[in-house]
Each structure stands twice: as structure tokens, then as C-alpha cells.
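I opened the entry to look up a few features one by one. These are my notes.

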Amino acid sequence: MHRRILAPGALAAASLLLAIPASAASSAPGAPGIGDPYYPQYGNGGYDVSHYDLRLQYQPKTDELQGTATILAKATQDLSSFDLDFLLDVSEVRVGGVKAAFTRSGEHELVVTPKTPLAKGTQVTVVVRYSGVPSTKSAYGFNTWHRTPDGAVAADEPEAAWWWFPSNDHPSDKATYDVSVAVPDGTQAISNGTLASTSSKLGWTRYNWRQDKPQATYLATLALGRFDITTSTSEGGVPVVNAYSKDLGANDGAARASVERTGELVDWLSGYFGPYPFSSAGGYVPNTTTGYALETQTRVYYSPKQFAAGSNTSVVVHELAHQWYGDDVSLKGWKDIWINEGFARYAQWLWSEHEGEGTTRELADYVYASHPADDPFWTVKPGDPGPDAQFDLAVYDRGALAVQALREKIGDDAFFALLKGWPKEHAYGNASVADFQKYAEQVSGKPLAALFDTWLFQPSKPEARGSASSARSLTAKAAQPKSWKKIEATNDVHAH
Ligand SMILES: [Zn+2]
């Protein structure tokens with residue numbers, strides 16, 4: 001799916017180095033990127049955020065957003081300055097209560113220079129006052145703030161935060177959130193976690209959302225518009241909050257018939273992945289023209305197009321599976337995307353089997369047989385696909401095939417222990433594909449380097465699939481499982 005980023009930050013970094021004041025010889029500017037090779041400018045170096053407090057006001061008619069972000073962070077080096085990733089217009093920055101200098105750099109960097117340098121280990125409070133019209137701001141030539149007829153939505157991957165709050169925008173720096181948004185009476189504001197309270201004053205209604213578990217910046221979401229909000233509790237005790245645009249037209253019924261299954265599906269997935277990791281679940285369907293869905297933490301974003309061909313529980317299963325694989329345990333770097341997408345796709349296969357529409361083995365056989373050896377599909381390495389192929393179909397289908405190959409290698413007992421153990425092993429943290437291999441070897445007691453290499457890291461079709469099946473017979477014929485069309489309809493879950 002991805003837009004290629006063409007703006008390396010060497011120049012910006014060089015000019016920052018020149019700005020070190022002599023009095024702060026031991027301090028240095030924080031790096032403008034956190035060090036992700038796929039996106040060198042994303043995130044920032046030198047500090048770690050623990051909490052974002054966002055107090056916002058939004059006018060749907062004009063798309064004007066104003067806000068105050070209070071960021072709690074800790075310096076991880078002696079800092080003369082540090083960056084935040086942000087695109088809106090900033091009027092004031094304070095660090096530890098004291099006004100700080102700030103300037104723009106690169107495509108989306110806000111460079112903050114505190115009055116006195118920050119010593120390594122210092123806990124610091126950064127306040128940023130800002131305003132702007134997000135739909136008018138772009139970086140690298142794109143804008144992911146989605147205007148709707150009655151408001152707007154922030155939900156995209158990897159870039160969404162820049163248009164609504166200043167952040168250390170990389171999944172490796174997770175934090176808790178309080179998001180408080182005032183909108184004109186009659187408009188709703190939807191975000192992650194639990195709706196703590198609402199209040200109304202002088203024609204404005206304020207919604208106070210709380211995410212009390214660590215959350216990656218790209219999983220923070222904001223939806224502003226006219227919604228019908230439904231609440232319930234799953235049989236397993238998980239509170240569910242869903243929201244539907246009042247303007248979904250012909251897709252309204254199918255959207256509700258899918259997303260209202262959230263509680264049931266969260267409970268079903270808990271059987272495979274362990275207890276649901278967050279204090280609430282749910283999804284929302286705004287009236288956007290985009291085609292994808294996104295696993296925004298506790299409150300999944302669904303494009304109405306996901307339901308244009310009728311109800312689809314498979315996409316709901318996919319996004320809810322991410323709550324464990326992606327949200328609870330987040331990737332360390334964007335190269336680790338297989339842990340997100342391979343397992344979310346595999347959850348769809350498990351659901352297919354549960355529904356009697358094709359077993360995981362049948363689906364794996366079908367994927368394997370559907371792509372001849374010279375299909376470019378096999379040139380994508382799900383274990384490190386590169387930024388251009390990060391959301392390629394192969395990351396999903398070959399990724400799930402790798403999961404099935406792992407299952408067949410280590411056996412069901414070890415496999416299902418692994419599936420449930422992983423979210424516990426790295427709860428609310430970050431982990432890499434290498435960490436996953438290590439954990440799988442630990443749980444199964446088997447060396448797995450060759451298997452991981454074959455299925456995730458070789459740019460070619462593995463010679464055979466499964467112990468019981470020969471490559472030749474599989475290539476000759478594998479019947480299309482009944483669930484295939486529905487799963488295929490979710491292929492653009494993250495395609496833009
Ligand atoms: Zn996904």
C-alpha cells in the first residue's frame with residue numbers, strides 16, 4: 001500500500017548539530033528519527049513518552065481543530081533540544097512550565113529547545129498549544145486526515161498522529177492517553193478506551209476518553225461527526241462501545257450486523273489468545289470514502305466499504321485479533337509487521353474453520369497452490385518486506401501460510417500454547433520477529449531457524465508445504481475454500 005518516503009533527514013540533522021549552544025557542551029539535540037530503517041524520520045530520539053493528555057476543540061463546519069497537548073516524558077540522554085512529529089500551527093511550547101523556543105524542520109518535525117538543557121533521566125512535562133485546519137496540512141505530499149460530510153476521522157497506518165497531536169510518532173514509544181474533545185452539541189467525538197464522562201456548556205459537548213493501557217501513536221484514533229453510539233457487555237464481561245455514522249445509507253445494516261458481533265468475537269478470540277487485554281472493545285464506522293479498516297486500539301476503524309457487499313465478520317475478526325497481536329504486543333520496528341498481519345489473517349482462517357467454511361489447512365493449501373513459483377507474490381519476504389511491500393498481500397497470505405507451517409512443524413499443543421502465551425510474554429510491550437522465533441523455540445523445544453527462514457525470509461516459493469502434502473499435487477489442484485471470497489474482500493484492510 002505504502003507511499004514511498006523520499007526525504008532523508010541528513011540535511012536537517014546537520015543543521016541541528018550547528019545549533020548546539022556552547023554552554024551545553026555535554027547536551028546534544030535528540031535525533032529527528034527514532035532509528036527505524038523503514039521510516040528514518042519517524043519518531044524521535046532522546047526521550048520516552050509515558051502519557052499524552054489532549055484537550056481539544058473541533059468545529060466540523062470549518063475543520064478547525066485547536067488544542068493543548070500535555071506530554072509527560074523522560075529524557076533518555078542529555079538534551080539541548082528535541083523533536084516532536086506534528087503538522088498543525090503551534091503558538092506556544094512550555095517545557096517544565098517555562099516557555100521554550102520552537103521551530104520547524106523537515107517534513108513534520110517540530111524542534112523544541114528548552115531554556116535550559118534537560119539532563120538524562122529528567123522527568124519533563126511538555127505543553128504544546130496549537131490550532132489549524134488538518135485537511136490543509138500535508139507531509140511528503142499526502143494527508144491522512146479524512147474529512148466526512150459531518151466531520152473528520154484520524155485513522156491511518158503508519159501516519160495519523162501528525163494531523164491532530166504532537167507526538168513521538170513510532171510504535172516503540174507507547175503511552176497512556178486522556179483525550180478530551182469539545183464538539184458542537186449534536187456532534188459526537190469518538191476515541192480510544194473508555195468514555196469517562198461527557199458535559200455540555202454553551203452549545204458545546206465535551207467527550208472525555210481514557211486509554212489506561214499503553215498505546216502506540218498510530219493506534220490512537222479520533223472520529224468527529226454524527227454517530228449513533230451503542231453499548232453492551234460481552235458474555236465474557238468485556239464492555240463494548242460501537243459507533244455508526246448516521247449517514248451510512250445502504251451499508252448501515254451490514255455494518256451493524258458485522259460490528260455488533262464484536263463482543264461475541266472478542267470472547268471467541270480470547271479462547272485462542274487469552275484474556276482480552278483492554279478495558280473496553282468496539283469499533284466505529286464513519287462515513288468515509290476510504291476502503292480500509294484499522295485496528296485502532298479498543299476502537300477499531302471500519303470503512304463503510306468493508307460492508308458494501310453485505311455483512312463481513314471476517315474483517316471484524318481480523319481487526320479484533322490485532323488487539324492482542326499488534327496492539328497489546330506491538331512491533332519493535334515496522335519490519336516486524338508479520339507479527340501483526342500474519343496472525344490477524346490467521347485468525348480469519350481460524351474463524352473460517354469455526355464457521356465450517358474451510359479449515360486452516362485447506363486455506364493454506366489453497367494459498368500455496370494459487371501462486372505459481374514465478375509469481376512475484378513469493379518475492380515478498382513477510383519477515384522483512386521493506387517499506388514498499390509492508391502491506392503487500394503476501395505479508396498477509398504468505399504470512400498466514402507461515403503460521404500454518406509453524407503449527408504443522410511444532411504440533412497443535414505447542415502451537416496453541418504459543419498463540420496464547422505470546423500476548424502474556426510481552427504484555428503491553430514491543431517485540432520483533434526474532435523475539436517471536438526465540439519464544440516459539442522455547443515453547444516447542446524445537447530449533448526453528450530453518451522454518452522461519454524458508455517461510456518468512458526467502459524471496460522464493462518454498463519447495464513443499466506440510467509433511468502430508470506434496471508440492472506437485474497441491475499445485476495441480478486445491479479447491480477454493482468457501483470462506484475465500486469473504487477473506488479476499490478484506491484484502492484491502494490496510495490498503496490506501
Ligand atoms: Zn491487519
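The model is predicted. For β1 and β4 (residues 79-85) I found a parallel run, joined by two bridges. I checked alanine 28 and found that its bridge partner in β4 is leucine 79.

**Core.** I went on to the largest nonpolar core, which has 130 residues. Which of them touch the most other members? I recorded Val112, Ala321 and Ala347. The element that gives the most to this core is α7, with eleven residues. I also looked up where the core lies: domain 1 (1-141 + 162-184) and domain 2 (330-488) both give residues, so the core lies between them. For alanine 321 I left aside the neighbours within four places in sequence and listed the contacts as Leu269, Phe343, Ala344 and Ala347.

**Helix α10.** I took helix α10 (residues 449-457) next and wrote down its buried residues: Leu451, Phe452, Trp455 and Leu456. Why do they line one face of the helix? Seen down the axis of α10, the buried residues fall within an arc of 95°, so they line one face. The face turned away from the buried side of α10 carries Ala449 and Ala450, which are exposed. I looked up what the buried residues of α10 pack against and found α5 (337-354), α7 and α9 (433-444).

**Glutamine 390.** I located glutamine 390 in the loop between α6 (360-370) and α7 (393-410). Is this residue buried or exposed? Glutamine 390 has 21 other C-beta atoms within 10 Å, and 20 or more are needed to count as buried, so glutamine 390 is buried.

**Record.** Last, I checked UniProt, where an unreviewed entry places the feature "domain: Aminopeptidase N-like N-terminal" at residues 50-219. In the model I found this span to be 0% helix and 58% strand, with its end C-alpha atoms 15 Å apart.

Conventions: Residues are numbered from 1 along each chain as its sequence is written. This is a predicted model: local features need pLDDT of at least 70, side-chain atom pairs count only at pLDDT 80 or more; totals for chains, interfaces and linings use all residues. Helices (H or I, at least four residues) and strands (E, at least two) are DSSP runs, numbered from the N terminus. A residue is buried if 20 or more other C-beta atoms lie within 10 Å of its own, exposed if 12 or fewer, and partly exposed in between; C-beta atoms are placed from the backbone. Two strands pair if DSSP finds at least two bridges between them. A nonpolar core is a set of buried Ala, Val, Leu, Ile, Met, Phe, Trp, Tyr and Cys residues joined through C-beta atoms within 7 Å. Domain bounds come from an automatic or database domain assignment. Two residues are in contact if their C-beta atoms, placed from the backbone, lie within 7 Å. The arc is that of the directions from the helix axis to the C-beta atoms. UniProt positions are given in the numbering used here, feature names are shortened, and annotations may be inferred rather than shown by experiment.
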